[in-house]
Amino acid sequence: MYLQRMFSCSRLLARPDALQTFRRAASQGKNPSSSPFLTLHAVRQWSNVPFFTVPLARAHGKSFAHRSDLRQAKRIVVKLGSAVVTRGDECGLALGRLASIVEQVAVLQNQGREMMIVTSGAVAFGKQRLRHEILLSQSVRQALHSGQNQLKDMSLPVLEARACAAAGQSGLMALYEAMFTQYSTCTAQILVTNLDFHDDQKRRNLNSTLHELLRMNIVPIINTNDAVVPPPEPNSDLQGVISIKDNDSLAARLAVEMRADLLIALSDVEGLYDSPPGSDDAKLLDTFYPGDQHSITYGTKSRVGIGGMEAKVKAALWALQGGTSVVIANGTHPKVTGHVITDIVEGKKVGTFFSEVKPAGPTVEQQTEMARSAGRTLASLEPEQRSDIICALADLLTERKDEILSANKKDMEHAASTGRLSPALLKRLSLSSSKLNSLSIGLRQIAVSSQDSVGRVLRRTRVANNLELEQITVPIGVLLVIFESRPDCLPQVSALAIASGNALLLKGGKEAANTNRILHELAQEALSIHGVKDAIQLVSTREEVEDLCRLEKMIDLIIPRGSSQLVRDIQRSAKGIPVLGHSEGICHVYVDHEASVDKAIKIIRDSKCDYPAACNAMETLLVHRDLLRTPVFDQIIDMLRTEHVKIHAGPKFASYLTFSPSEVKSLRTEYGDLECCIEVVDSMQEAIDHIHKYGSSHTDVIVTENEDTAEQFLQQLDSACVFWNASSRFADGYRFGLGAEVGISTARIHARGPVGLEGLLTSKWVLRGEGHTAADFSEQGSMTYLHENLPVAQILPGRRTTS
């Protein structure tokens, strides 16, 4: 069924006074779209605005240099390729995809941006319509001549493209109008040909019309007039001007001449590859720079349409030269179509971004490849060599402390001047001589433990005669560690990566940029001792964390170090990459009715007040009911008040009080400050149940003198760290003797709790045989399985010893 009435604002343009009619109707509260339909040519006479004949940069500057700048795009052209608009059978439109694209364009339009669409699809829509009419006509004729029950097979004639375009153009526009109407957005149809750009008067009229439509908050929908357009002539580009051969060149021409900030070209491929998509070595190019054409090989064009990737690149480069940024992306993928346009405008790493500014250093993809290559060499070094590197880094931390502290002072002064960091984050950002000395000591502990890490045999089995199996430890691969406001994390994590033979990609917060830079230089200086400088890379480009989390083919494990919000964001963004960490540190201290008052006060004070922003700080204090209204409880409250800790009452605790502190909004709150919740429980078992329900499986403590009660608590509680009569602040890799940690994990597989060297290793199975086959062990075979456990042997690089 075809829409017989169109509601687009394109119907305004029925007569020379149409714009005045629109303004008059709008001022009277009437619907101006009720005017009769008009083509573009009736309005071309209205304008005397000059139009340029060669590409010119926008008045406010050149194209955007970085993806993140795309958020500033005001005027945007969205080009919809034939493969995006049409169905797989090329007859009719992909309505679901089209609806999601319309929604995104309407959202951006309603944000105050000026949106224009260059669309294909008229031929496909017309082909569907004409086929329907032809089939209907044939069936009627055959029914008249042969009888209704004796219809012959009907073959369809080849349909001429221009006729299909003529039949489909009105239906295509009607569909756009109906969809945009759902978002209270007006549209206008404009049909152009190459000749319209060669005639100065027509081009001035086109310019005027488009500007007037944009001024009235109308979305122009532009297409080549395929009903009359002649076939494209090869090599027909004029000097400095691209010829309109397809919608790629049309979109580029319009984007430049309308001084658009951004051109988004949607097709059926992810973007631009360095070789034809589908080939084994094809790599998607995140960013493409003029002059890089020699590095790519073009494949065939899309299944429909008259353009191809070569035509898209040519049009994109022409638009880029004219001052318009360009992104080529996939508009057909069902998982991304619903947000591909808005993702691009938000600066996310989608498709291929065309930029004139080539970064001085390597891209993050190149850094990752460099790290992986050097990391494999690092893993093959002797344990003593890896230990040498870590010890060298430990020495550099103290020898070059003046440089480190000078860089840190710059970061601290900048942070203080901006006022963006809380006191807790400022404390994390700050380094001191004592802190560097502690770091150096911790690194030397890691150096010692690295002697027995990579290549350690975990299991050894004689599967059969002359067939031995070993399970040995190996590095995970490439680690991505994202940390904020804590530069001391960089040497700690670097040392653990070196000890475990892992490549490392580091992304630090910009608030510690100067400190991170000098610490990374020292790490690479130490790595250079054995020629593996590139094994640790610091991402200094304007890379978004969310984009890094999408490098699932290059990164093997992500380790976030920062706020719970950072961890949650990374866990949500990481698609296909494991994340080691915890999103919250809701730690509990339970004071049993048989607790020592001195131990309780000491432990509570340290757990809450030593470092309130730490993930292992106490957030909820659970108190046995029998302690209420006793001197023990009064002393605990007095201590918290003396330490200026703000108290929130749990619902059960509040019920015992006439005048209680503010009741807690949620029992699942991580305050990260001098605040805590106090709740009452009737028993140790109720404390365990409370922690299981509201805790985050991080670190939980029992204070009691009853050993049986303590052991039950330690055995039954399912948290990564469970302590008896000790502060929750002990949940730390350094305090555990691990030398350092990459973080604390609350996951239930692989590493859990403070993650040191062991948590950065995985294993592989090595089987040594002499021509054995599985058939040898079948019923007809001559061999039998033995599966004997053997003494563990240490298989280290370059040698084999038995322990």
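Predicted model: local features only at pLDDT ≥ 70, side-chain atom pairs only at ≥ 80, totals over all residues.

Colleague: Which element gives the largest share of the lining of the largest pocket?

Modeller: The largest pocket has a volume of about 1700 Å³. Of the 41 residues that line it, the closest to its centre are Leu284, Lys349, Glu365, Arg550 and Leu551. Two or more lining residues come from each of β6, α10, α11, α18 and α19. The largest share, three residues, is that of α11.

Colleague: Which element gives the largest share of the lining of the largest cavity?

Modeller: Rolling a probe the size of a water molecule over the atoms shows where empty space is left. The count comes to two cavities of 30 Å³ or more, and the largest cavity has a volume of about 60 Å³. At least two lining residues are supplied by each of α8 (247-257), β5 (262-267), α9 (309-321) and β7 (325-330). The largest share, three residues, comes from α9.

Colleague: How many charged residues are in the lining of the largest cavity?

Modeller: The residues that line the largest cavity include Lys79, Asp248, Lys312, Leu263 and Ile328. By class, seven lining residues are nonpolar and none is polar. The number of charged residues is three.

Colleague: How many polar residues are in the lining of the second largest cavity?

Modeller: The second largest cavity holds about 30 Å³ of space. Among the residues that line it are Thr119, Gln169, Gln189 and Asn223, and α5, β3 and β4 each supply at least two lining residues. Five residues of this lining are nonpolar and none is charged. The number of polar residues is four.

Colleague: How many residues apart are Asp556 and Arg372?

Modeller: Asp556 forms a salt bridge with Arg372, and their closest N and O atoms are 3.2 Å apart. Asp556 lies in the loop between α18 and β14, whereas Arg372 lies in helix α11. The pair therefore links distant parts of the chain, and the separation is 184 residues.

Colleague: Are Arg460 and Glu470 buried or exposed?

Modeller: The side chains of Arg460 and Glu470 meet in a salt bridge, at 3.4 Å from N to O. Arg460 belongs to strand β9 and Glu470 to strand β10, 10 residues apart. A residue counts as buried under 20% relative accessible area. Both Arg460 and Glu470 are buried.

Colleague: What is the relative accessible area of Arg605?

Modeller: Arg605, in helix α20, is paired with Glu643, in the loop between α21 and β17. Their side chains meet in a salt bridge at 3.3 Å, N to O. Glu643 is partly exposed, with a relative accessible area of 27%. Arg605 is also partly exposed, and its relative accessible area is 34%.

Colleague: What is the accessible area of the nonpolar patch formed by Phe730, Phe736 and Leu738?

Modeller: Phe730 is found in the loop between β20 (721-724) and β21 (743-745). Phe730 is partly exposed because its relative accessible area, 43%, lies between the limits of 20% and 50%. Phe730, Phe736 and Leu738 form a nonpolar patch on the surface, and their accessible area together is about 260 Å².

Notes: Residues numbered from 1 in each chain as written. Heavy atoms only, no water. Patch = residues over 30% accessible without salt bridge, like charges linked within 9 Å, V, L, I, M, F, W, Y side chains within 5 Å. Areas by Shrake-Rupley, 256 points an atom, 1.4 Å probe, with all protein chains shown as cover. Salt bridge = Lys/Arg side-chain N within 4 Å of Asp/Glu carboxyl O. Helix = DSSP H or I, 4+ residues; strand = E, 2+ residues; numbered from the N terminus. Buried < 20%, exposed > 50% of the residue type's maximum accessible area, 1.4 Å probe, protein only. 1 Å grid on protein atoms, 1.4 Å probe; cavity = no way out; pocket = protein on both sides within 12 Å on 5 of 7 lines; lining within 4 Å. Points joined across faces, edges and corners; volume = space filled by probe spheres on them. Nonpolar A, V, L, I, M, F, W, Y, C, P; charged D, E, K, R; others polar.
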